[in-house]
Amino acid sequence: MPAGHYQYRVLVLGDAAVGKSSLLRCYAEGPGAAGAPAPCPTVGVEFYSRTVRLPPAGRAKLQLWDTAGQERFRSITRSFYRSAAGALLVFDVTNRASFEHVTEWYQEAAGGGATGEAAFVLVGHKCDLAGERAVSAEEAGRLAASLGMAFVETSAASNLNVELALQTGLLGPSEAW
Ligand code: GDP
């Protein structure tokens with residue numbers, strides 16, 4: 001396939017308001033975009049894309065799907081799971097319930113068929129809010145290890161690890177970008 005013709009679908013899953021849209025906007029449109037008012041909460045599925053370079057000389061178009069956290073939209077997102085190259089399971093480090101729902105999101109995606117080739121990564125978002133933490137990095141790291149995936153802490157507000165989280169979500173933790 002000629003360079004530039006690859007397309008990868010990456011899903012971003014997690015409860016409402018954990019920061020999924022902000023994370024994607026930061027990645028797709030640059031750090032400044034995350035501070036702009038977001039349509040909140042996300043309704044249905046929001047779509048972003050970004051073309052990235054892949055070693056050695058290829059290019060790929062990333063399709064980034066920001067799925068709504070609300071229960072009633074889960075039937076929409078279910079149909080997207082099957083062809084996903086990767087999925088970010090996002091929780092808010094200041095919101096304990098969003099962390100406790102991660103396993104459900106994982107089971108939902110795995111039950112929808114996003115296993116096998118798909119690379120999952122656990123993302124602890126809003127890590128700039130250190131004083132309000134409800135989930136430690138150690139605890140989240142243990143959950144990620146038990147589910148067999150990488151763990152990355154991110155902040156759209158501080159533009160911390162946003163690239164890393166998306167790269168891991170696409171290629172898996174062991175591959176060089
Ligand atoms: P979504 O519903 O999961 O897509 O969440 P949004 O992206 O709409 O973000 C929910 C709220 O969290 C908004 O008020 C954002 O401004 C805020 N937020 C998103 N990312 C960050 C972050 O990295 N740090 C902080 N402190 N707030 C954030």
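Me: In this predicted model, what do the words buried, partly exposed and exposed mean?
Reply: A residue is buried when its relative accessible area is under 20% and exposed when it is over 50%. Anything in between is called partly exposed.

Me: Which of these classes does Lys126 belong to?
Reply: Lys126 is found in the loop between strand E5 (119-125) and H5. Its relative accessibility is 23%. Because buried requires a value under 20% and exposed one over 50%, Lys126 counts as partly exposed.

Me: What is the phi of Asn159, and where does this residue lie?
Reply: Most residues other than glycine have a negative phi. Asn159 is not a glycine, yet its phi is positive. The residue is placed in the loop between E6 and helix H6 (162-171), and its phi is about 50°.

Me: How many helices and strands does the protein chain contain?
Reply: Along the sequence, the elements follow the pattern β-α-β-β-α-β-α-α-β-α-β-α. In this notation the protein chain has six helices and six strands.

Me: Which residues of helix H1 are buried?
Reply: Seven of the ten residues of H1 are buried, so this helix is largely enclosed by the rest of the structure. Just after H1, Gly30 has a positive phi of about 100°. The buried residues of the helix are Lys20, Ser21, Leu23, Leu24, Arg25, Cys26 and Tyr27.

Me: Why do the buried residues of helix H5 lie on the same side of it?
Reply: The buried residues of H5 (residues 137-147) are Ala140, Leu143 and Ala144. An α-helix has 3.6 residues a turn, so residues three or four places apart point the same way. On the other side of H5, Glu138, Arg142, Ala145 and Ser146 are exposed.

Me: How is the pair of rings of Phe91 and Phe151 classed?
Reply: A pair of aromatic rings is described by the distance of the centres and the angle of the planes. The centres of the Phe91 and Phe151 rings are 6.4 Å apart, and the planes stand at 10°. Since planes under 30 degrees apart count as stacked, the pair is stacked.

Me: Which parts of the chain does this pair tie together?
Reply: The two residues belong to parts that are 60 residues apart in sequence. Phe91, at 1% relative accessibility, counts as buried, whereas Phe151, at 22%, counts as partly exposed. Together with Phe99, they form one aromatic cluster. The parts tied together are strand E4 (residues 86-92) and strand E6 (residues 150-153).

Me: Which helix gives the largest share of the shell around the ligand?
Reply: Of the 17 residues around the ligand, those that come nearest are Ala17, Ser21, Ser22, Asp128 and Ala156. The shell divides into seven nonpolar, six polar and four charged residues. The largest share, three residues, comes from helix H1 (residues 20-29).

Me: How far is an oxygen atom of the ligand from a polar backbone atom of Ala156, and how much of the ligand's accessible area does the protein cover?
Reply: A backbone N or O atom of Gly19 lies 3.0 Å from an oxygen atom of the ligand. For the side chain of Ser155, an N or O atom is 3.4 Å from a ligand oxygen. The distance for the polar backbone atom of Ala156 is 2.8 Å. Of the 580 Å² of accessible area that the ligand has on its own, the protein covers 78%.

Conventions. Residues are numbered from 1 along each chain as its sequence is written. This is a predicted model: local features need pLDDT of at least 70, side-chain atom pairs count only at pLDDT 80 or more; totals for chains, interfaces and linings use all residues. Side-chain values use heavy atoms; hydrogens and water are left out. A residue is near a molecule or strand if one of its heavy atoms lies within 4 Å of it. A polar contact is a pair of N or O atoms within 3.5 Å; within protein, one must be able to donate a hydrogen and the other to accept it, and residues adjacent in sequence count only if both atoms are side-chain atoms. Accessible areas come from the Shrake-Rupley method with a 1.4 Å probe; for residues, only the protein chains shown count as cover. Helices (H or I, at least four residues) and strands (E, at least two) are DSSP runs, numbered from the N terminus. Ala, Val, Leu, Ile, Met, Phe, Trp, Tyr, Cys and Pro count as nonpolar, Asp, Glu, Lys and Arg as charged, and the others, Gly among them, as polar. Buried means under 20% relative accessible area, exposed over 50%, partly exposed in between (1.4 Å probe, protein chains only). Rings of Phe, Tyr and Trp (its six-membered ring) pair if their centres lie within 6.5 Å; planes under 30 degrees apart count as stacked, over 60 as edge-to-face and the rest as tilted.
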